[in-house]
Amino acid sequence: MTTMIAASSVVKPNLPCSSRISSCSDFTSGHSWCPSEAAKHYRVHGVRSMRITCAATKTAKSPAEEEWKIKRQLLLEKRVRSVDVKEALRLQKENNFVILDVRPEAEFKQAHPPGAVNVQIYRLIKEWTAWDIARRAAFAFFGIFAGTEENPEFIKSVEEKLGKDAKIIVACSAGGTMKPTQNLPDGKQSRSLIAAYLLVLDGYKNVFHLEGGLYQWFKEDLPAEAEEED
């Protein structure tokens, strides 16, 4: 009598992954097809590829993003002086100093010292990539960069308006300071001090900084003018 055996009752050998059939693509890559090994391969190599890709998209730190201690040290080495608003006005009138206003263009048009030149060191944000947001968050610590990003054309624009031998007083809203205090042993960074640092790096020799910023200038009712909107 012939005994019929159901196909489902046949015991299949438990072959190791290396013994299983591979697809054509696996033959070319040198990897056998096995779910567990494929998952392991993805975890190891896939994550590694992702990390490499992310690292490649990072933008190198710009000079403006250098640590404040390093900026301050160079400014002191290059003897960048801080002058108060009345001294700045005198230097402008008597010694042909130019006030370089690095505030956003809209603020400059509202009010600025007569004869001042405007080149914004930070501009309104144009892109919102994850990496750029992280970089701007670091600047937000100083409370003056909300909604703005570094202007990559800053030095180029300054060079188009002012020669390397120009006598410059860099000014922004708050001014910042290089003077140490009990709470701020290294002083406090500002847009004008960052701009002064970039100018010194670019070879400008006669760079001063406006202590107290244009806030103090307007507060003391020194000469100011505005530009009419087009």
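Contact here means heavy atoms within 4.5 Å. This is a predicted model, where local features need pLDDT of at least 70, side-chain atom pairs count only at pLDDT 80 or more, and totals for chains, interfaces and linings use all residues. Residues are numbered from 1 along each chain as its sequence is written, and side-chain values use heavy atoms, with hydrogens and water left out.

**Stop 1: a loop residue**

Select Ala174. It sits in the loop between β6 and α8. Helices (H or I, at least four residues) and strands (E, at least two) are DSSP runs, numbered from the N terminus. Leaving aside residues up to four places away in sequence, Ala174 touches Gly212 and Gly213.

**Stop 2**

Show the strands. Five of them make an open sheet, ordered β1-β7-β6-β2-β3, with parallel pairing. Two strands pair if DSSP finds at least two bridges between them. Which strands are at the edges? They are β1 (81–83) and β3 (117–118), each pairing on one side only. Zoom in on β2, residues 98–101, which pairs with β3 in the parallel sense over two bridges. Pick Leu100: Val117 in β3 stands opposite.

**Stop 2: helices across the sheet**

Select 85–94. This is α4, and it lies across β1, β2, β6 (167–171) and β7 (206–210). Its direction is about 100 degrees to β1. Axes are lines fitted to C-alpha atoms, for helices over the stretch in contact, and angles run from 0 to 180 degrees between N-to-C directions. Next take 191–201, helix α8, which lies across β2, β6 and β7 and runs at about 150 degrees to β6.

**Stop 3: two partners of α8**

Show side chains: Trp68, Ile70, Lys71, Leu74 and Leu75 in α3 meet Leu193, Ile194, Ala196, Tyr197, Val200 and Leu201 in α8. This contact has 10 nonpolar, no polar and one charged residues. Ala, Val, Leu, Ile, Met, Phe, Trp, Tyr, Cys and Pro count as nonpolar, Asp, Glu, Lys and Arg as charged, and the others, Gly among them, as polar.

Phe154, Ile155 and Val158 in α7 meet Ala195, Leu198 and Leu199 in α8. The class count is six nonpolar, no polar and no charged residues.

**Stop 4: confidence**

Colour by pLDDT, the predictor's confidence in each residue, from 0 to 100. The protein chain has a mean of 78, and 64% of its residues reach 70 or more. Select 1–13: pLDDT stays under 50, and the model has zero contacts beyond four places in sequence for this stretch. Finish at 44–56, where pLDDT is below 50 and the model has two contacts beyond near neighbours in sequence.
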